[in-house]
Structures are given as C-alpha cells and as structure tokens.
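Hi everyone, thanks for coming.

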Amino acid sequence: MPKKEEKPKYRQDEHIVENKELSIWEALIPVFALVGMLAYNVYVFGDDALSGSNQFILLLGGAVAAIVGFFNKVSYKQMIAEVAENVRSTTGALLILLMVGALAGTWLISGIIPAMIYYGLQILNPTIFLAACVIICAIISIATGSSWTTAATVGIALIGIGEALGVSLGMTAGAVLSGAYFGDKMSPLSDTTNLAPAMAGGELFSHIRYMALTTVPTISVTLVVFIILGFTIDTSGVADTESILKNISSSFNINGWLFIVPLVVIFMIVKKTPPLLALLIGTLLGGVFALIFQPEVVTTLGGGSTLTFESAYKGILNAITVDTSIATPDPALNDLFSSGGMAGMLGTIWLIVCAMVFGGIMDGIGALERITESLLKMAKTTFGLFASTVGSCLALNVTASDQYLALVVPGKMFSKAYKDRGLAPENLSRTLEDSGTVTSVLVPWNTCGAYHSGVLGVGVGEYALYAIFNWLSPFMTLLFAAFRIKIKQLATPATA
C-alpha cells in the first residue's frame, strides 16, 4: 500500500482501496451480517447493548469482512494497515472525549453546571424550552464551528435543565443536536464545512451560501415542530421549581462569577484554540473555581473533614477521573448532579475503536469503494445522481462508522459525475453535508453517534426521532433535486 500522508485533521487525501475482484454482493455480506447481528443484539440487551456487546458485534462484523477479503486475495497486512489508519484518525476525538469527561467532573463540583441549571430554570420554561435549545446551540455552534464542543458544554447544561423541568431527555437531546448540527454545517470554522467543498472542488463561502438554500428551510421546520411540541408536552412530573432552586442553592454556592469559565472556553474556541487545549484549560479552571466557591464539596470528595492540600488534590482528581455524585436534599437532583469523569467516557472510546476496526477492514478489502461504485452506476438522471450521493453517504455512515469517510469517499467518487453532467461543485458539496455530516449522529456505532450519546448521557434510540434537523436534511436536499430547485449549472458544461 502507498504510504499515507501524516495528517489527520481531514482525510481528503486518503487512499481509497480498490479491489476489482470483489463483487457488490460480496462487499455487502459484512454489512448485512453486521446489521443483522446488531439488530438481534439490541433486541436481547436493549439499552445495555452499548455496554460492551455492540462493541464485540462490530469486531465480529470486521471478522466477516476479513473472511470476505481473504477469499478475494486481500492480505492480512493490508487490512490491518487500514485499521491502523482508521484508529489513528480518531486519536484527536478519543483524547477530546477523555477531556470532556474531565471537564464535566470539575464543572460539576465547581458549581458551573448547577449554576447553569439554576439560572436556566428561572429563564426557561417547558413551553419555550425545546425551541430555545435549538437556537442557543445553533448560535454557539456557529461561533465555535463544532457540534462536539457545543454538546459537551452548553448541551450538557441544557440536558440538566430539561431533566429538572420534566422534559423528555430524548426531546432535549434532539433539540440540542438539531441546533448544534445546524451551526456546525453553516460555520466557516467547521472542519466538515471546509472538507465538503474541498472534496467537491468548490469554494468555502460559495458552498455555505448554496447550502443555506436547503439548511434554512430545514431548521425552520425543525423550530416549528419544537414550538408545537412545547405546547403539547406533559411536565406534570415537576412538582415545585422553587423547591428545586432552594435545594440547588443549599448544596452549591451559586453566583454569576462561575460563568467566567465556560465563557473563557467558548472564547478560546472562537479564537481557534485547539479543542484539547481549550478543554484542558476549562478543566483546570473548573478545579480552581471549585476550590474558591465550593470548598466543602471538594473536601467531602477528598475524604477529609477540613480543606487541606491532600483533600483538595484528591477531591479534584476524583472528579476528573472517576464517578462523582453530589448529594442534595432532593433525590432527583442526586442523579442530575453526577459525572463519570474520564472513566465514564471509556465505554464510548471502546465503541469508537471497535467501529474503526470494522470500517478499516471494509476499506482494506475494497468493499467501501465497490458499494459506492455500484450506487453511482444506478444514477441515470440528475435526481438519480443526487439520490445516489445521499444513499452513499448514509451507507458509509453506517458501514464505515466515520463522518469524514462519509464525505471523502462519495466526494471522490461522484465529483467527476457531477462535472460530466454540467453540475457545479456546490451541488455535490451541499449534498455531502446534507446527508453525510448530519446523519452521522443517528448511527449508534458511528463516532458521532457514540460521542454525543456518551457526552449527553442519552441513547441514540432515545433522541433519533427528535433530532429533526438531522434526519430531515437528506429529504430536503432530495426535494430540491426532484423539483430542480436551485440546481446550479457549470458555466461551461463538460459534456452536452
């Protein structure tokens, strides 16, 4: 195999393995096997499937793909090389996950997350809460260019506020992710927003302007649905907001100074500070603020009766690394004020690594290329070309378990076809984002689905229906293609 470029923010220069001996049906064998095994596994284990059994099923799917590869003369060395490349590409994401767990721990014991919930309960109510979640997360995600960071900071706080208000966790997570992915798509700071036009041969700001044509209607419909849901949800389970506020303030020293830490983190990310550095600084500042504003909490976690260097060190490190729970007079708040620390992210990391094994072997045997090539052959019309692109992105999010591959592989395979039909590259880049970027969060074993599920503490199955913007986007782009709305042509078509 040719040596791959040492890079890994984007994967547009990655080699895509071709295997002419592999048939489409052979390429699909591991996919059918994986889907069947996962479906049965989820049926047996239910919500516990992500605790380990799904991870092993992904490895079994990789084993099936390897067997297909051996029968088609693909070497073990080549398959392992692709697995290594896939796992290497997720290094940044895995480290970010660990830091998110650490940050959540210090933001809990410092009172930052409780303060967000405390003030949020006074500002938001169930009627406007879901729509407000969409708008807040959209603004933050546009500013930061990252749905991951938005979910890990503001998203966590909104989940807590929603739970305190008695709003379904699935609804809240769906609203958070709808807003976060709208901002991620439209922000020039987003890696996927830069990657899509790079793959299609377009220009960044032209891509954003053209993408707005389908994205703005989609987010508008999403907001309308959440506004309607706000008037219909039953929150009778919330007994007394005043009592909840009193219990929060009795357990934590709540004040506005605590918001300095999240504002510093958001400012650093807007200034393009590397996410790992921003999260590390946010974690350390959370620890400092815990010592300043919540010394009793730190002392208790450190196993001491008075605040000493040893008890402070132990209390903060415990919050960063392992399960932490803050006792309050309200049993419901006890579940709310808990964090898994870095250890709580290990299950998600485990899932991502296993998903990368499956995706790497599928790429190594040439199955990803063969599946995409077959989809391309079915594109006889302009609508068929758009539909094949959407189908390819969705298939790769499921099979390769990687958002970037869902943009890179179809981008490489379809760019010439769009050009040959006289279609401007903005058509392809928009379709890649409408179907590849946003749907990754709907697949439990995809890196995005695993990440957001782990960070928000809500299963993909719980929020998928309410992630309206995410599943509506592919339909919107197909609707525009079917009625030939704003289908931009090349100035000089390559073919008649």
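Let's start with a quick one: is Lys73 buried or exposed? Lys73 is exposed, because its relative accessible area is 71%, and the cut-off for exposed is over 50%. You'll find Lys73 in the loop between helix H2 (53-71) and helix H3 (76-89). Most residues other than glycine have a negative phi. Lys73 isn't a glycine, yet its phi is positive, near 65 degrees. Arg484 sits in the segment after helix H24 (468-482), and with a relative accessible area of 48% it is partly exposed.

Now, remember that this is a predicted model. The average pLDDT is 82, and 90% of the residues score at least 70. H24 has the highest confidence, at 95, while helix H16 (residues 331-336) has the lowest, at a mean of 66. Watch out for residues 1-14, where the pLDDT is below 50.

Okay, on to helix H15, residues 309-321. Which residues of H15 are buried? They are Ser311, Ala312, Gly315, Ile316, Ala319 and Ile320. These cover an arc of only 165 degrees around the axis, so they lie on the same side of H15. Over on the other side, Phe309, Glu310 and Tyr313 are exposed. And the cover over the buried residues includes helices H4, H13 and H14, plus strand E1.

Terms used: Residues are numbered from 1 along each chain as its sequence is written. This is a predicted model: local features need pLDDT of at least 70, side-chain atom pairs count only at pLDDT 80 or more; totals for chains, interfaces and linings use all residues. Side-chain values use heavy atoms; hydrogens and water are left out. Helices (H or I, at least four residues) and strands (E, at least two) are DSSP runs, numbered from the N terminus. Buried means under 20% relative accessible area, exposed over 50%, partly exposed in between (1.4 Å probe, protein chains only). pLDDT is the predictor's confidence in each residue, from 0 to 100. Contact means heavy atoms within 4.5 Å. The arc is that of the directions from the helix axis to the C-beta atoms.
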